[in-house]
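The stops below are given in the order in which they may be selected.

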Amino acid sequence: MSAVVVVAAVIVASGERVLAAQRADPPALAGGWEFPGGKVDPGESEEAALVRECVEELGVQIAVGERVGDDWPLAEGYLMRVYLCSLVSGTPQAREHLALRWLGPGEYYSVDWLGADLPVMKTVENLLLRD
Ligand SMILES: Nc1nc2c([nH]c(=O)n2[C@H]2C[C@H](O)[C@@H](COP(=O)(O)OP(=O)(O)OP(=O)(O)O)O2)c(=O)[nH]1
């Protein structure tokens, strides 16, 4: 069986602020912070899944850009692929999350990231500092 692919959108604004979202469920993950996204549906491209999830979860249109790192390991049988994204239209709303927060450079580690997301944030920080 191939792994289930989860895509996650690192939405960047003003070249340095990133959008973090606080999970509402399941209980084991609730309260932890992540990048918006979700599972890629069968036959769906990763880009289309990111766009769909950001509409569903945030009510915004995004543009999908550069990939962040390689496959990020999640639980057994799952892996995560992460992309830098930008807002095309709309203001993010927490439709499925407990809260949303824009994090500036001094705040990247001010939320309790899910275990898989902490190294992603570190890699994103390096990418944004590079620019
Ligand atoms: N979306 C997202 N999921 C993450 C991140 N980090 C991380 O460990 N995960 C885990 C949590 C979940 O077990 C899984 C993604 O599932 P999900 O619940 O977001 O997917 P989905 O929207 O398709 O949900 P569903 O329709 O199956 O309810 O990946 C992240 O940054 N973003």
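Helices (H or I, at least four residues) and strands (E, at least two) are DSSP runs, numbered from the N terminus. Residues are numbered from 1 along each chain as its sequence is written. The model is predicted: local features need pLDDT of at least 70, side-chain atom pairs count only at pLDDT 80 or more, and totals for chains, interfaces and linings use all residues.

**Confidence**

Colour the model by pLDDT, the predictor's confidence in each residue, from 0 to 100. The protein averages a pLDDT of 97, and 98% of the residues score at least 70. The model scores ipTM 0.92 and pTM 0.96.

Select G90, which lies in the loop between β6 and β7 (99–103). G90 is partly exposed, because 13 other C-beta atoms lie within 10 Å. Leaving aside neighbours within four places in sequence, G90 is in contact (C-beta atoms, placed from the backbone, within 7 Å) with G59, V60 and Q61. I62 is 28 residues from G90 in sequence, and their C-alpha atoms are 9.0 Å apart.

**Helix α1**

Move to G59, which follows α1 and has a positive phi, near 70°. Then select α1 itself, residues 46–58. The expected span of a helix is 1.5 Å times one less than its number of residues. The 13 residues of α1 should therefore span 18 Å, and the end C-alpha atoms are 17 Å apart, which agrees. The buried residues of α1 are A49, L50, V51, E53, C54, E57 and L58; they pack against β1, β4, β5 and β6.

**V64 in strand β5**

Select V64, in strand β5. Beyond its neighbours within four places in sequence, V64 is in contact with E47, L50, V51, Y83 and C85. V64 is partly exposed, because 19 other C-beta atoms lie within 10 Å.

**Helix α2**

Select residues 117–130, helix α2. Its 14 residues should span 20 Å at 1.5 Å a residue, and the end C-alpha atoms are 20 Å apart, which agrees. D117, V120, M121 and V124 are buried in α2. They lie on the same side of α2, because they cover an arc of only 100° around the axis, the arc being that of the directions from the helix axis to the C-beta atoms. On the other side of α2, N126, L129 and R130 are exposed. The cover over the buried residues of α2 includes β1 (4–13), β2 (17–22), β3 (33–34), β5 (61–73) and β6 (78–89).

**Two backbone details**

Finally, select D25 and P26, which are joined by a cis peptide bond with omega about -10°. P26 is in the loop between β2 and β3. In the loop between β1 and β2, select S14. S14 has a positive phi of about 55° although it is not a glycine. S14 is exposed, because 7 other C-beta atoms lie within 10 Å.

How values were computed: A residue is buried if 20 or more other C-beta atoms lie within 10 Å of its own, exposed if 12 or fewer, and partly exposed in between; C-beta atoms are placed from the backbone. Two residues are in contact if their C-beta atoms, placed from the backbone, lie within 7 Å.
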